Every structure is written in C-alpha cells, then in structure tokens.
Amino acid sequence: MTTMKQITTRATAVAALAALAAMPAFGVSGAMAQETVTLGIVTAQTGPLAAPGRFQMNGFDLAVQAINEAGGFEVDGETYMLDLQVYDTRCNAAEGASAMQRLATVDQVPVVLGELCSPVAAAEAPIAADFGVPLVLTVPTAPNLTEQGNEWLFRVNPNNFQLNEALAAFVAENGWSPLSFIAWNNDAGRGGVNGMRELLPDDVEFGYVGYFNVGEVDFSSHIANIRNEGSEAIMLLMDEEPGALAIRQIRDAGLDAQLVGTLAMGSSRFLDRLNAEYLDGMAQYNAFPPNAPIPRIEEFSALYEAAYGEESHGFAAQSYDGIFVVIAAMQAAGTVSDSAAIRDALAEISWDGVIGPIMFNENNQAEPPVYITQWCDDGTRRILFPDDLAADCGFG
Amino acid sequence: MAQALLEQIINGTMMGSIYMLVALGMVLIYGVMHVLNFAHGVLFMVGGYVCHFFFTQVLDSYLLAILGSMAVLSVIGLALERGVFRRLRDNLRMQVIASLGLILVIQNGVIAIWGPNALQMRITTTDIRVPIGELSFTLQHFLIIGTVGVTVTAIWLFLTRTRIGTALRATSQNAEAAQVVGIDANRMYVASFLIGCALAALGGALLGPLFLIFPTMGDLPLLKGLAAIIIGGMGSIPGAIIGGLGIGIVEAVSTLYIPTDFRDTVVFAALIAVLLLRPQGLFGVRVRGEA
Amino acid sequence: MAALLEIRDISKAFGGIQALDGVDVAIDAPGIYGLIGPNGAGKTTLFDVVCGRQVADRGEVRAEGRAVGRLSPDRLARLGFARTFQECRVFPDETCLDNVLFGAQDKRLGVEWRQLLTRGMGARSARRDEAMRLLTLVRLDTYADRPAAALSYGQRRLLEIVSTLIARPRFLLLDEPASGINPTLLNVLHDFLLKMYEERPIVFLVVEHNMPFIMSLASHIVVMHQGRVLTTGSPADIQRDPAVIDAYLG
Amino acid sequence: MTAMTALTAMTAPRAGRLAIAIVALLALAAPFLLADQPYFLHVLILTMTFAIPAIGLNLLLGYTGLVSLGHMGFAGVGAYTTALLMMDHGWSAVPAMAAGAAAAGVLGVLVGIPCLRLRSHFFIIVTLAVGMILFALFNNLDGITGGAEGLPGVPRPGPLDLGFMVIDFRRLGGFYWFALVVTLFALLVQYLIVRSDFGRSLAAIRQDEILAAARGVNVFAHKLAIFGISTALAGLGGALKVMFLRVAAPLSFELLESINLVLLTIVGGAGYLAGPIIGALVYVAIPEILRFADAWRLVLFGVILVAMTLFAPRGLSGMIEAGWRRLRRGPAVTGEEAADGRPA
C-alpha cells in the first residue's frame, strides 16, 4: 500500500514528464519538425455507451495535450510528439475487432489503448496477440479478460473483483443486510453482481436482484420488489444517468434504504441531477475520488476541469494514466516502434499514475487502490477507505 | 405482498396508459391503412423532444408545450403518410423496411440535433409526491393516468359519435365497403396518421418529464404497443386500449414473481401464446386478408 | 358407379349472407359444363368450396366417390383440380413460359427436394415442347420470354388457362374466362378450349357471363340463383326457360 | 421459373461467366494477394460472417417473401451452440458448426410450425419477439452463455494438414479459407434452391400465395422448409462469426443486428443470388471507409434506404442489372418495374 510520504516525494506524472521533455525540446532547434508517435485508440463514441466513452476519450486527449504542450516526450535521446488514431467501436464486438485489426496492421501503431465494453475487448485481445501489438485496457471490468493467458493484454483499471472487494468488506462491516441490487443488464452490471456474490461474507444476506436493459428508465418494478423484501441497503450498478434517475424514483417512492453505488455516482455531475437529501449518505466504491486531497489527483482534476469545464471522471483518469504508462514503457524499452520490446517493458513497469501506483501482476492486471467514498449532507463527499487515504467532507 | 401488488398495479396502470396511447395510434393506422409502422416509437420519442423544446425555449407552459408537440407531430405524420406510406400501400415488405429506415433517420437525426445524452425536464407535477399509506408516487403518475383516460374517452366518442370518426371506423373494418358508401379513403389515411402521431406525441410529452427524454425512449413503448395491438386483435380499437393497459399491469405485477431481466420475455411469450391460441387476438373478430 | 364430381347439399354463409344454400350438382361424365347465374348467385363461392379455398358449412363434395370437401387447395390441385380466378391470377415476375412450366411441375416437397439434389432437369425440358405448343395455340408463343406482367389483361387470362391445362387436370374450373378478352382473342380462346377438350375429354366447369360464348361452348348448363341451383339442361333448353330469364331480370 | 429477370448479368453468356471465374479466383487467392494487407483480409472475413445469415434471410425475404426480424437471434443459437460444444465438450470445429446450424434450424422449424400459419404481419412480429427472447437468454443465462460479459476464448479450427502444405486456421490467412469454404457452401445452398423446382415454388409463394396453393404448392410446408433452412444458415453464419471474433457476445445477436441484417439484404438486392454478398460488402465496408463517428452518417443511410424502398426496391443488384442491360441493349426493358410491387 502506498503511503502519503511516498506519494509526495514522487513527482506527479505531468510535472515529471514536462520536466523530462522540456529540456531537449529547448535544447534542440525549435524549428525542426519533430517525429510523431501515433497511438491507437478503440472506444465507443456513439451508440448506447457514448456518454462513458466521452470521459474515456477526454482522458486520452488530455494526456496527449499535456505531453505535447510540454514539448513532447523523449525516448532514447529523440523527442517525439504524440498523436492518436481513434476508432469508434460502438460497443460492438465486430467493429472492435475491425478497428483493432486496422490499428495493428494498417495504421501500424505500436500500442493500442482503450475500450469500454468487456465482450468487445475480448474480441480485440486475440488480434493484439496475433499481430503482436500490446492492448492496454482502461475501462472494461470483466475479470476473465486478463485470465485468458494473453500476454499482450494489459489492464490499468481495477476489474470487477478488485472494485467489489473493498466494498463487500465495507458492506459487511456496516451490517447492510439484506443488500438488494439494481444493475444494468450488461457486462458491467451483471459482472458487478456476480462479483459481489462471490465476495460478500455469508452474514450479508442477498436481497432482491433486478437487472434492467440499457435504455430502460422505469425502475418502479425494482423498487416495489425491494420494498417487498425489506432491504437494508440497495446497490446500484449503472452509469450516472440511470443512476440519478433510479435514486430519484427510489426516494419519490418513499423508500429510504441506504444506497450503495459505483464510481459513476461519486461525482458532482451526479449531484446536479439530484438533491443531496436524495443521496442521504450514499456510499460508493471509486477508483478515483476527484477531490481527494492527494496532489496527483488535485492536479489532474484541475487540469480536467480547466479543459472540459466539469468535474473529472475516473474513466478519464484511468485513460490518462494509460497513455503515460505506455509512454513510460516506451522510454524504458528505448523504442517507440518495437511493440514486443514495449510489451516487455509494460510487464515490468512501475508508474505513479493519477489513480495510484500502476504495476501489472502476472496476469497483466494492475492493482491500483480502490476507494470508498460517501456523500455528505452538504453535497460534498468524503473518503472512508482506504484508511490511510481517508479524507473529510469536501475531499471525496 | 398486498402492498407490493397495489404499488405495481398503480405503476402498471401508469405505464399501461402510455402503451395504450401508442397502441391506439398504431391500431388506427394499421386498421385504416394496413400499414405496420415500426417508426411509431421514434415519433413518440420526437414528441418528448419537441415538448421539451417548447417548454424550455418557447412557452414555459407544460400544457401548451404538449399541445405544440402534438401539432408538430401531426404535421410530421402527414408528411410521412404522403411522402412514404401512401406510395407503399399493399406492399408489406417495403412498408416494414421503409419504417425501419425511418427509425434510422429520425433517431440519428435527433442525436445529431440534441446529442446522445438524455434531457431532463422538471415540472411541478413531477416534484409533488402523493403518499398512499407507506407508498408514494409523484403527481405526474396520476396526471398521466388521468390525461390518458380523458384522451382515450374523447377518441372513443370521436370514433363513435362523429361523422368522420364513424367513417374512420368503417374504413378500418372494411375498406372496400367504405369506398362503396362514398368515404374518401385518402382523407381517412390522413386522418388516421394525424391522430396516431398526435397520440404518440402526447405519450412522449407525458412520459418525458417523469423519466428522461432520450433517443431510445420510444423503443420499449413501440414494442409493447405492438404486443398490445396483437394481443388485443389487430384492427380492434377496444382491443388496443385494453391490450395496452393489460400489458402495463401484467408486466408490472409479473416482476413480483419473475426476475425482471425476463420481464420483456414474459410479455413476448404471452404474445406468442395468444397468437397460437387465438390468432385473431383477444378482441379481434374478423380475419383480414393478406396485405 | 360413383359420379365423377358430386356436389351435395353445399351451404356456406358469410356473416349474415347466405352465399350457398343447399347446392346439388352431379356430373356423371366428362363434358363442358357452363355455370351461369346473376351476380351474387354464389358461383365463385361454389368454386372456392370445390377447390378447397372455403370450407362449406354443410354438405359434401365427392370426386369419383372420394370425399374431398375438407381438403386444402394444394391437395386438391395435386388430385387433379385446376382452377382459374375471376380476377385472373398469374405470376407477374415470371416469363410466360415459366408460368406455364410451373403449372406442370410436380410440387410435392419430397419430389422437389430429390430434384434439388439430383439436379434432374429432364422433366422440365421434356415439358417445354408441350408448353410452347399450348402457348402457340393461344398466340402467346412470341411472348414466351416476356414477364407475365408485361401482357395485356386478355393475354394474361389466356396464360392463366394454359398454365392450368398443362398440369393435365381431371377437373378444370374456369371462372369467367371470357371477361376482359377482346373479340379476336375470344375466338382464339373458344377454339382453344374446344381443342383441349377434344384432346383430353375431362370435366370443364365454366362460370361465364358472356352468354353467346358459353352457350356455344358448353354441352350442359347449370343455372344458379341466390345460392341455389335453379335448373340444369342443354344450352338450348336453358335459353328457353322462363325461370332463367326471370332470374336474370331480377 | 427463376430464369426470370434475376441475375441476368451473372448468367449472361461468357462475359458473365468470365467475371464470376475472375471473382472466384481472386477470392481464393486473396490470402496471397493480401499477404501484407491483413486488414483487408479481416474485413473480407467479417463481410462473410454477415453474408451467410444474409443468404439465409435472402431465401426468406427475397425469394419466399417472408420478413424475419429475429434472424440474428437464430444466428446466436448457432453461435452459442458451436462455441459451447467446442469449449466445454471438446468438439472439433466442423461438427460443432454443423450442430450449431442444425440447432438453429430445428429451433426455426419449432417456431415455424405454429407461427407460419399466421398472417404475414403477425409472423413479422413473432420473429421479432422470438429474436428478443433469444437475446434475453444469451444475455441473462450467466451460467451457460457467460451472460453479458460474453464467452471469451472461442477456439478456431485446428490446423489442416494437406500433405504438401499445412493450413493453420488460427491465423488470419488460414481462417479466411475456412470462412470462404463456409460461405461458398451457403452460396451453393442458395443457388441450388433458387434454381430448383423447390425454388420455383418459393417464388410462386412470394408472388401469389393463393395462386401457388391453387397450383398445388403446399404453402405451409414450403414455408416451414425454407424457414428451417434459412435459420440454419443464420446459425452457420453466427458460428463462423464467433469463431472469427473468438468471443461470443450477446450484443452481436440483438434486435438491432437483426434489423441491420434485413436492411443490408434489401440494400444488396433481395431476390438476387449476389444480393447478400453485395449487401454485406456495403454494410461492412461503408463504416470501415467512413470511420467518422457522426450521427448524420446514419441519417444519410436511412434516407437512402427509404428512397430505395420507394424508387429502387430491387436494391443495388437490381440497379446493377438495369445498368448492365442498358449497356447491352440500349433502353431498359419494360415490365421489370412491376417486379416487386406484388402482394406478399
């Protein structure tokens, strides 16, 4: 576990790179055209998951902007500018596979990052292995993705198992039993419920479990069932848009159970759609608390807010880190084009990202910290877990 | 359980009212024109958007915004009838395909104009809670049920008590006979599309504030409306009304006994079962010829 | 010895309208039988019942002693019942030749599937000569490769009749074959039907409104009125029958 | 009977046969020609995974006149059956695919027995309902299908030793040949049916069901047979798709995909042998070429589609055919415009 001291002694990603890259940039003749490295991006920009796709893309764009504004990055004495080749996969496995194939063989990018949907990532991963191009996932959460023995696949973000681990302990500790669920009927929702099922200790009773399809907005059936089963707490596994709607309907229906949510529900955007009283002490796991009093997070959040005029988002932070991890691997490998060398470097990488230290385990799965935050009555959040990063209202 | 049952009956009645509007519009168009319009759901959705537009940008009155939305959708309906469906009469396959194409056009047109994210529309009636014992609903729930009740009654009176309404019903029951009696079929087509689209707009405008206004908001009402007109008996107006309401209530109550992720499966399995046991639908009487 | 075609006490109602009300017709020998009667007499409904498109409310149809009243149209067609339609039906996308050849095709699913696997085209090419001969007789040979949709209404009528005849039916039911056909083609049709009957004497049952045409074609006439058989007889007898004249004048 | 207008261009003597031969040769040699263009190979395979269910749908929609809005659901049955047989029971690819296609076909027959007697509007809606129910099963039965997270790790066929060379189907080039053989099989099925007496009976049903019955066609049995074949082909396509993508994802078999399948079949030209191939090429290639994420692209696609239903109901194949004719014989032949305006 990372300590506060370690974090403060380490420079933040942006500062480190800026310092690293700025010098040669000034040293070399400024007029000279620098070489550009193009990374491949697969993400959903249209279709049902366009909204989370936008956060992911914002994170990538922000990283490129930060690097290029700092004058590029240096690998093996050469300075490079960064560019992205983005393909929209619409959360569709066939389009994802095509995009991956195109990036690997037509655009011949050294590394591909991104993806939102687990099944699409599962279609992209074997192509990454076939053509020897590392694929760095920054959002999909299905645990089995990194369990296929594919050494070209990396995942920066915590998977469902990791996300739920802390929350399950927290739920058990608070005695929120029985615990009911309302979850998206897709990979994120069903995966989340199954994850919790495995992780919750026996003394936490499973209440009602309800799934709804993406695009459904009427939660009344779930609410009636939950009321009927008499649940202590309700866990919502969905994005912020349906999440806000679900909470409004839960409260409008006069149900005052404890709410438990995902990282999508720990943002101010979320509050814009609701009143703090609706949330009433809702707790959620979070891979990235945007207001945490941690310098690297503060810095990123400020950067994000300046660029997009809204509170930063975990998907953006994970994706932002993804780019920096890849750049770091290129620097460690001393190449911007040799995908195999970059892959080997990635496997050994140790990078202090916005979301925390990123190191890949034997399955190429990173293990960044997972937080639990809680809404305060004044509409801010606090960090409850991990204990060493706990912070009060206003810093979640 | 009794309480949950009551809760689901009220919720089901509310959603059933919405399905009823969609089904009623579709059955009018189907009965009169023999057109199965799969684009009815996106018209419902556009109704929500137009209402939002009028409410936030122009009128600041929910009632006027609803009426404005119904007017705009009537015009769109007229254009679709004239421009597309009238030309494809008697060609079932091409009608279906044209209506699928229209879904593409309209849904993505809305995304291009308003963006993919949902719009919120807060009005007084969604913020007022009506407690019933331990249960609680928004006033909008009852506004929807009441408005639909009044509208459907009005439509029924129109169809049974006015000249043009009677003509519409006559055309719906037997186009040839209607022509013999001297009813202008083209005027009937226009009337059915006007009313059908206005009803869709009303549905979207009523449901939008309660939930959200977003590009796929009409998909489920369309599917449930389709199920309603089949279960009710294609071409049967009372069948569509009772079918819509029935589906709303049955699917709501069924979730107390069956996992919610199989809720739509229940509705569609019921649809298939009805078709097998009573192909003319629960309220259908005649078997129409092929189109 | 059972009758070739026996229609016994057939009744059929649509809603409140009694279209057929106890129709009895017995045909003992091959011949050209005319079926006449004013509009709404039930002639087409009778065809529909005999050919299986409608099921009678009461009564039965027997062909060579076998009850066929409840069989489906396709079963009946394969048993040798061929019919044309009042509104004239042909397959519009197909050429005239294909329309005719399809009439002769063995349409049992099993036979079709065997043909599918063996690719046996022999039967089809063997039928081609016969098809062309019939098309020539009705002066459609030059249209053999044109789609049926390109024909005039009268030509389509002729095509429809040829397409039924090539199947070598045992009962041919023609529903107003002469309607919409111009005088020249009418003579062609008249001669064609007589020639066909001479080649293969079977039961022709012809509904017709064109009195001169049917009177000169048919050997027997059945008169229907208000869902019943009014009278039967030779054309000469019928033309003199005051009851028939009354029925027509209403 | 299909000597009709269909595919005159292709059957036109010499020039047409030569064209077919060239296309076939190019298709066969593609892995060599595109050895350093794996992306194009990939797109071609993807096209085939759409073309096979489209061929199934074409037999239904283009030749028999039945609309199915749930065809990708049947493709999913084939896909999951094949994937599970290979992954859990160690079946090899070809028998697993055959079993997958058979499962989809049997389900099609079971659905068809009660539903094909219904009027066409009802049948359309039943196929829609069946498609949605199947999707719910793929997505919700976590224990069997892997649920919404999908079933990763679907294997490709093992290598084939021909003696003089070994084809590794796990590599893109090898898998291309595998996909090509499967596609050619589907095309062959389509060709045999369309050019047979069975196909003539189907065409008769499309043009006039009542007349077809009066001429002796058992309409229900024929519809049932072709629906079973059509769903089996869809299942075959689904099996190929998951083998190619190496993951079975429920979203590949949802309602929207079924609708897209109908649209691509229409755009390609329903009722033409080459229609599904052309449709699939256009459907896969256009988004690949126009890789910009913009809602207007789909708006334009929709407008073109509606315009086609109004002005060019015979799709691209019909347009190509008309153009070819004009080229050869001058002014267009009359009667062809009457082609699709017939009752189903």
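User: Hi! How far apart are the closest C-alpha atoms of chain A and chain C?

Analyst: They lie 35 Å apart, and no contact joins chain A and chain C. Two residues are in contact if their C-beta atoms, placed from the backbone, lie within 7 Å. This is a predicted model, where local features need pLDDT of at least 70, side-chain atom pairs count only at pLDDT 80 or more, and totals for chains, interfaces and linings use all residues. Residues are numbered from 1 along each chain as its sequence is written, while chains are lettered from A and ligands numbered from 1 in the order in which they are written.

User: Which chains have the most contacts, then?

Analyst: Chains B and D, among the 4 pairs of chains that touch.

User: How many residues of chain A are in contact with chain B?

Analyst: 24 residues of chain A, and they meet 27 residues of chain B. On the chain A side, α3 (50-69), β8 (206-212), α8 (220-229) and α9 (240-252) each supply at least two residues. Helices (H or I, at least four residues) and strands (E, at least two) are DSSP runs, numbered from the N terminus. α8(A) gives the most, with 7 residues.

User: What kinds of residues are on that side of chain A?

Analyst: There are 8 nonpolar, 10 polar and 6 charged residues on the side of chain A that touches chain B. Here Ala, Val, Leu, Ile, Met, Phe, Trp, Tyr, Cys and Pro count as nonpolar, Asp, Glu, Lys and Arg as charged, and the others, Gly among them, as polar.

User: Back to α8(A): is it mostly covered or uncovered?

Analyst: Mostly covered, as 8 of its 10 residues are buried. Buried is the word if 20 or more other C-beta atoms lie within 10 Å of a residue's own, with C-beta atoms placed from the backbone; 12 or fewer makes it exposed, and in between is partly exposed. Among the buried ones are H222(A), I223(A) and R227(A). After α8(A) comes G230(A), with a positive phi near 65°.

User: New topic! What domains does chain A have?

Analyst: The domain assignment gives domain 1 (4-158 + 293-359) and domain 2 (161-286 + 371-389). Such bounds come from an automatic or database domain assignment. The C-alpha centres of the two domains of chain A lie 30 Å apart, and 16 residues of domain 1 are in contact with 17 of domain 2.

User: Now chain D. At what angle do α4 and α6 pack?

Analyst: Helix α4 (residues 71-89) and helix α6 (residues 120-140) of chain D pack at about 35°, with axes 8 Å apart. Axes are lines fitted to C-alpha atoms, for helices over the stretch in contact, and angles run from 0 to 180 degrees between N-to-C directions. G73(D), G76(D) and Y80(D) are among the α4(D) residues that meet α6(D), where the partners include G131(D) and F135(D).

User: Last one: what is the strand order in the open sheet of chain C?

Analyst: Its 6 strands run β6-β7-β8-β3-β9-β10, with mixed pairing. Two strands pair if DSSP finds at least two bridges between them.

User: Why is one side of β6 and of β10 left without a neighbour?

Analyst: β6 (81-83) and β10 (228-233) of chain C stand at the edges, each with a single partner strand, so one side of each has no neighbour in the sheet. Further in, 4 bridges join β3 (residues 31-36) to β9 (residues 220-225) of chain C, and these strands run parallel.
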